[in-house]
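Work through the exercises below with the sequence and the model side by side, and try each task before reading its solution.

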Amino acid sequence: MQIKLPVVCSGTSLLGNLYRALPYDEKLAIVKEYIAATPAGDTPLFDSAGKYGAGLALEELGKCLSDLGIAKDKVLISNKLAWVQKPLTTLEPTFEKGIWHELKNDAEQKISYEGILECFRQGNKLLGGYIPQLVSVHDPDEYLAAATDEADYQKRYDDILGAYQALTELKEKGEVAGIGIGAKDWKAIEKIAKDVKLDWVMIANSFTIYHHPKDLIAFMDSLYQQGIAIINSAVFHGGFLMGSDYFNYILLDRNNPEHAHYYQWRDRYYEICREFEIDPAAAAIYFGLHVPGVKSIALNSSNPARVRKNVEMGHIEIPVDFWNRLKEDGLIAEDYPYL
């Protein structure tokens with residue numbers, strides 16, 4: 001893959017009305033600010049999916065880019081494929097109930113050779129003519145986890161391989177530049193990577209300043225050795241490291257003894273950040289970026305001012321004394337190799 005990824009790429013789930021319905025002018029401001037904040041030499045990259053708002057995120061992204069007058073060759077788009085837009089015939093969408101708001105459409109999962117091509121063509125139409133350079137199968141780990149028995153699991157895995165065959169043919173025809181995979185369960189990435197030639201992977205909720213197991217580090221190193229680019233995503237664990245009570249989208253309670261260790265870790269982390277006058281978000285971003293093979297980090301914000309700060313934090317340096325203190329306090333493994 002010849003594409004140079006920007007240090008910080010922008011998520012787009014909020015454009016699909018995740019958690020709340022954003023007015024269009026706010027969405028436009030978010031897209032405009034990310035493009036403006038992206039340093040010279042980097043091309044802005046938006047990470048989107050047909051699942052986000054049942055295609056709404058793709059529609060709004062395309063409209064924003066068009067309204068801003070952004071040429072098609074001046075922006076990169078990653079479209080995670082697996083869901084197609086269909087008319088909404090129920091009171092609320094039938095997928096991921098309760099988190100998408102004010103949608104006019106529903107979404108249907110289609111993971112197969114033909115299904116993924118349908119997702120690709122529809123996605124291009126929803127984007128208003130902007131064509132994604134990067135494509136992948138969206139959350140294949142969840143698709144496999146839904147298997148009812150071994151036979152169903154194998155059928156689903158064959159569906160995934162068929163989808164990747166379709167994406168490989170798109171690349172061979174020159175319609176896309178890179179094929180990847182994104183998943184929350186990195187073990188699924190490891191499995192599929194043995195059967196599919198990938199250009200990039202997106203690891204979500206997995207490699208963070210809080211959680212960085214040795215077996216995952218070894219897998220990331222193997223990707224690096226193969227020249228497969230890594231995009232790191234969800235490095236705040238769904239907002240918990242930034243002060244939320246949600247950890248990977250699960251609500252925690254400080255008064256629950258089973259959850260105490262999460263808060264103890266975060267409290268000490270905040271204390272050390274204050275001591276060194278370092279933004280906790282900046283440290284989390286730095287940690288998530290500074291690993292061999294990690295080329296980009298995906299960040300998402302509904303606040304245009306925060307969008308610029310996120311991009312800026314992807315380019316700062318943090319002193320080694322800070323990392324040594326985290327190791328001394330047991331927040332990072334003493335033998336962690338990359339700091």
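**Exercise 1.** Determine how the residues lining the largest pocket divide into nonpolar, polar and charged.

*Solution.* Begin with the classes: Ala, Val, Leu, Ile, Met, Phe, Trp, Tyr, Cys and Pro count as nonpolar, Asp, Glu, Lys and Arg as charged, and the others, Gly among them, as polar. Sorted in this way, the lining of the largest pocket holds 17 nonpolar, 13 polar and eight charged residues. The model is predicted, so local features need pLDDT of at least 70 and side-chain atom pairs count only at pLDDT 80 or more, while totals for chains, interfaces and linings use all residues. Residues are numbered from 1 along each chain as its sequence is written, and side-chain values use heavy atoms, with hydrogens and water left out.

**Exercise 2.** Find which residues lie nearest the centre of the largest pocket.

*Solution.* Of the 38 lining residues, Ser13, Leu18, Tyr19, Tyr249 and Asn300 lie nearest the centre. Next, turn to the elements, where β7 (178-183), β8 (200-204), β12 (294-299) and α10 (304-313) each supply at least two residues of this lining.

**Exercise 3.** Decide whether aspartate 159 is buried or exposed, and name its contacts.

*Solution.* First locate aspartate 159, which sits in helix α5 (residues 150-172). Its relative accessible area is 14%, so aspartate 159 is buried (buried means under 20%, exposed over 50%, partly exposed in between, with a 1.4 Å probe and protein chains only). Finally, leaving aside neighbours within four places in sequence, aspartate 159 is in contact (heavy atoms within 4.5 Å) with Ile111, Ser112 and Tyr143.

Methods:
Helix = DSSP H or I, 4+ residues; strand = E, 2+ residues; numbered from the N terminus. 1 Å grid on protein atoms, 1.4 Å probe; cavity = no way out; pocket = protein on both sides within 12 Å on 5 of 7 lines; lining within 4 Å.
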